[in-house]
Amino acid sequence: MTSEEEQQIRNQLAELRQEHRDLDTAIDSMVGAASPDTIRVQRLKKRKLALKDRIAALEDQLLPDIIA
């Protein structure tokens, strides 16, 4: 992997992590509302989980498993 590719992955990771944090904040505020929209909350949680999976996949690209 070239340093340019690695930097692109790191930039994408930063963006995904920020979006993950933003979703977490949005979910917390919706759940704290007087009458939360449960369907929307479920969709946001599903999106957050998908982001977590994508983040893990990108991190694996940066730090491949080493067989000892």
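Contact here means heavy atoms within 4.5 Å. The views below come from a predicted model, in which local features need pLDDT of at least 70, side-chain atom pairs count only at pLDDT 80 or more, and totals for chains, interfaces and linings use all residues. Residues are numbered from 1 along each chain as its sequence is written, and side-chain values use heavy atoms, with hydrogens and water left out.

View 1. Let's start with Leu44, which sits in helix H2, residues 38-62 (helices, H or I, are DSSP runs of at least four residues, numbered from the N terminus). Leu44 counts as buried because its relative accessible area is 17%, and buried means under 20% with a 1.4 Å probe, protein chains only. Neighbours within four places in sequence aside, Leu44 is in contact with Leu23, Ala26, Ile27 and Met30. From Ala33, Leu44 is eleven residues away in sequence and 15 Å away in space, C-alpha to C-alpha.

**View 2. The largest nonpolar core.** Such a core is a set of buried Ala, Val, Leu, Ile, Met, Phe, Trp, Tyr and Cys residues joined through side-chain atoms within 4.5 Å. The largest one has twelve residues, among them Leu44, Val41, Leu51 and Ile55. Helix H1 (3-31) and H2 each supply at least two residues of this core.

**View 3. Helix H1 from end to end.** The end C-alpha atoms of H1 are 42 Å apart, which agrees with the 42 Å that its 29 residues should span at 1.5 Å a residue; the expected span is 1.5 Å times one less than the number of residues. Buried residues of H1 include Ile9, Leu13 and Leu16, and H2 is part of what covers the buried residues of H1.

Methods. Buried means under 20% relative accessible area, exposed over 50%, partly exposed in between (1.4 Å probe, protein chains only).
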